[in-house]
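Please read these notes alongside the model.

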Amino acid sequence: MVLTRLRSDIATRKSGKSFSLYIVNNIHTNTSLVSYLTSDSCFLSVIPNCQFRSKTLRLKTFTANQLDEIKDPSGLFYILPFQKGYLVNWDVQRKVWDHLFGKEMFKVDFADTSVVITEPYFNFMSIQESMNEILFEEYQFQAALRINAGSLSAHRYFQENNSELCCIVVDSGFSFTHIAPYCRGRKMKDGICRINVGGKLLTNHLKEIISYRQLHVMDETHVINQVKEDVCYVSQDFYNDMEIAQLKGEENMVMRDYVLPDFSSIKKGFCKPREEMNFTGKYKTGEQILRLNNERFAVPEMLFHPSDIGIQEMGIPEALVNSINKMPEEMQPHFYKNIVLTGGNALFPGFRDRVYKEVRALAPAEFQVSVVLPQNPICYAWEGGKLLAENPDFEEMVVTREDYEENGHCIYEKFDI
Amino acid sequence: MAEKKIAVRSQDPSQRRVLDSATRQRRLTRQLEALEKDNFQDDPHASLPQLVKRLPQFDENNESGKRRKKTRGDHFKQRFRKNFQALLEEEELSVSEGPNYLTACAEPSTLPQRHFCAVCGFPSNYTCVSCGARYCCVRCLGTHHETRCLKWTV
Ligand SMILES: [Zn+2]
Ligand SMILES: [Zn+2]
């Protein structure tokens with residue numbers, strides 16, 4: 001799983017003789033998937049969609065993958081373009097884009113390039129207008145397609161499963177989790193549901209409980225996010241795991257000791273192998289240890305029971321069933337057998353099995369339930385964007401700069417956000 | 001967290017203050033807001049304001065800036081600097097028909113509320129009389145009283 005990720009994808013393509021394609025995917029951890037496709041190459045980069053400040057290198061603000069220049073990322077300060085999953089800080093976003101469109105990365109030839117960019121469901125009108133202005137007036141892209149990431153994922157899914165009529169996409173990312181039904185490529189707006197739980201909340205919650213129970217780590221988002229990715233999992237039997245986590249010594253199969261990085265001899269944190277674990281918690285080595293116990297599964301549990309921390313919303317399986325119930329009856333069985341999991345949180349071990357188990361229990365017994373976890377749930381929308389941009393109908397879907405200059409913001413009717 | 005450092009006058013446990021439900025709700029809201037924060041520490045550049053001002057903004061010497069058309073002035077700048085709440089209010093969704101950002105929010109669960117100890121995170125059966133936090137055993141209650149209970153002032 002890649003850190004915390006922010007939402008909005010871009011794919012660009014050059015038209016004309018050199019025919020190339022450029023794709024950026026700022027999926028909802030604060031990382032973007034960026035790729036540049038030309039007639040003879042395609043490479044995908046994953047870059048942080050934000051800026052950083054470090055307490056050791058105090059005179060510089062680092063943009064996107066300049067993060068790699070920071071040798072000691074402890075206490076890393078984040079400057080994010082997104083708030084609650086919506087693009088609000090354009091200064092930061094433009095700096096990130098300047099960096100990756102510019103000479104450091106892709107050297108984009110704007111006049112000859114179309115861009116595909118994803119936006120969250122129900123993106124605010126003023127953000128959409130700002131987006132048009134930035135893409136067409138500032139960068140002067142030749143054409144643009146603004147689309148929801150879930151629509152790209154659905155496109156990807158239908159491409160591979162072309163006999164299926166419907167699918168329902170779960171996109172669990174950095175800022176929130178969306179559930180969105182699609183029927184024959186059409187987005188079913190009445191069934192779209194947002195759960196206000198994403199990777200950022202999980203990391204912050206983990207920071208909070210570790211800071212209260214053992215070690216002050218509130219300033220260590222970068223480090224604790226890695227801890228989350230390394231040790232957290234989705235429980236298949238929550239109360240049983242709670243019982244195991246209360247056992248002492250070797251019987252406690254949940255407990256893990258995590259060696260924190262010191263960014264000199266230990267560059268990256270890691271779990272002590274089970275056989276090297278010392279259950280008294282006292283190690284002779286000078287390593288700094290975090291002991292993770294019920295935190296390992298109680299944190300991702302927020303995706304299934306947001307009410308555990310006081311967010312009075314349905315968890316993913318319940319919301320899935322609720323969304324499907326809002327769809328026309330004859331479509332419902334088709335949704336149950338085409339549930340697609342995307343986004344960084346889908347990488348938690350046990351995530352798919354738990355979603356399946358709970359949806360199975362809630363769904364009518366006569367319906368088949370199938371839950372698909374793509375090989376790379378983070379890149380799935382990007383893959384859909386790439387397919388779309390290679391599609392012969394792509395030209396029909398985009399809005400060109402000429403359209404925009406003639407019709408102004410009215411062109412957003414062509415975009416289905 | 002800053003709140004933790006604000007010590008409330010020590011109280012005799014036998015006559016502990018009891019927080020009313022509005023205070024408890026505010027406390028919960030603030031806890032949830034904290035989970036949305038990007039950073040808990042101060043901006044490392046905040047302590048060197050003058051130095052930062054004298055340094056060139058690094059986008060100024062960025063080439064692509066020169067090539068680009070200057071976007072219109074103040075109006076532009078302002079519109080591009082609204083926070084989430086301001087943008088949400090501007091949408092006037094409460095008076096518009098759905099589906100929209102507000103209507104798309106997941107409904108409350110129909111499953112029963114689960115309770116966990118505010119100290120150790122294990123399932124809990126008891127509620128702190130003073131603040132409504134949950135606890136699982138006498139030891140955790142003691143820790144809770146000493147650390148958070150009434151010290152998290154609102
Ligand atoms: Zn306890
Ligand atoms: Zn209390």
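Buried means under 20% relative accessible area, exposed over 50% and partly exposed in between, with a 1.4 Å probe and protein chains only. This is a predicted model: local features need pLDDT of at least 70, side-chain atom pairs count only at pLDDT 80 or more, and totals for chains, interfaces and linings use all residues. Residues are numbered from 1 along each chain as its sequence is written, chains are lettered from A and ligands numbered from 1 in written order, and side-chain values use heavy atoms, without hydrogens and water.

1. B:Cys117, B:Cys120, B:Cys136 and B:Cys140 coordinate the zinc ion (ligand 1) through SG at 2.3 Å. Donors are N, O and S atoms within 2.8 Å of the metal (3.2 Å for Na, K and Ca). The donor angles run from 102 to 118°, so the arrangement is tetrahedral (four donors, all angles between 85 and 135 degrees). The sequence spacing is C-x2-C-x15-C-x3-C.

2. B:Cys117 is buried, at 3% relative accessible area. B:Cys136 is partly exposed, at 22%.

3. In chain A, nine of the eleven residues of helix H5 (residues 221-231) are buried, so the helix is largely enclosed by the rest of the structure. Helices are DSSP runs (H or I, at least four residues), and strands are E runs of at least two. The cover includes helix H4 (199-213) and strand S16 (256-259) of chain A.

4. A:Trp90, A:Arg94 and A:Trp97 in helix H1 of chain A meet residues of helix H2 of chain A, among them A:Ile127 and A:Met131. Contact means heavy atoms within 4.5 Å.

Note on methods:
Four donors count as tetrahedral if all angles lie between 85 and 135 degrees; four count as square planar and six as octahedral if opposite donors are over 155 degrees apart and all others between 65 and 115; anything else is irregular.
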